[in-house]
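Morning, everyone. I have one structure to show you today. Please take a moment to look it over.

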Amino acid sequence: MTSLLEAITGTENSQGSEPGFPHAPAGWTRETALQIARAEGLDLEDSHWKAVRAMQEYYARHQDGSINMRELHDALDEHFHTKGGRKFLYELFPGGPVAQGCRIAGLNAPAGATDKGFGSVV
């Protein structure tokens, strides 16, 4: 059901309007994700899209702003455990499953995800 504010502002169908991505943030499209991925040297395949959906769903379930990088990383690891977990995720997103994955999914990466020196020898 559309709220009065959504009807006035014309935003009633802005979220989840991309087929197959019911939790996509407003304004996000597959084409935008493809452009970002190409700019970062990635060719998106089915597993990438599954990770994007998983991140968007995680964010939708945590709309109160309680996004924690470690919890998101662990949730993705668990989601892709049968394919190799974290190792598989880093193969998909060499720029970091959370930081690079969030950019492609149209999400703001949680604090600490974009620190180039975090967890590395940089």
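When I say contact, I mean heavy atoms within 4.5 Å. With that in hand, take His-48. Leaving aside neighbours within four places in sequence, His-48 is in contact with Asp-43, Leu-92 and Phe-93. His-48 sits in helix α3, residues 46–61. Is His-48 buried or exposed? His-48 is buried, because its relative accessible area is 6% and buried means under 20%.

Now step back. This is a predicted model, please keep that in mind. The protein chain has six helices and zero strands. Of its 122 residues, 34% count as buried. The chain exposes about 7500 Å², and carbon and sulfur atoms supply 51% of that. Take the contacts with a separation of 6 or more: residues 24 or more positions apart account for 55% of them.

Next, the aromatics. How many aromatic pairs does a search of the whole structure find? Three. In one of them, Phe-21 and Trp-28 have ring centres 4.9 Å apart and planes at 55°, so that pair is tilted. Phe-21 and Trp-28 are both buried. Phe-21 also pairs with Trp-49: centres 5.6 Å apart, planes at 70°, so this one is edge-to-face. Phe-21 lies in the loop between α1 and α2, and Trp-49 in helix α3, so the pair ties together parts 28 residues apart in sequence. Trp-49 is buried, like Phe-21. Ring pairs link Phe-21, Trp-28 and Trp-49 into a cluster.

Arg-30 lies over the face of Trp-49, 4.1 Å from the ring centre. Arg-53 lies over the face of Phe-21, at 4.6 Å from the ring centre.

That's my tour. Thank you.

Technical notes:
Residues are numbered from 1 along each chain as its sequence is written. This is a predicted model: local features need pLDDT of at least 70, side-chain atom pairs count only at pLDDT 80 or more; totals for chains, interfaces and linings use all residues. Side-chain values use heavy atoms; hydrogens and water are left out. Helices (H or I, at least four residues) and strands (E, at least two) are DSSP runs, numbered from the N terminus. Buried means under 20% relative accessible area, exposed over 50%, partly exposed in between (1.4 Å probe, protein chains only). Accessible areas come from the Shrake-Rupley method with a 1.4 Å probe; for residues, only the protein chains shown count as cover. Rings of Phe, Tyr and Trp (its six-membered ring) pair if their centres lie within 6.5 Å; planes under 30 degrees apart count as stacked, over 60 as edge-to-face and the rest as tilted. A charge sits over a ring if NZ of Lys or CZ of Arg is within 6 Å of the ring centre and within 35 degrees of the ring normal.
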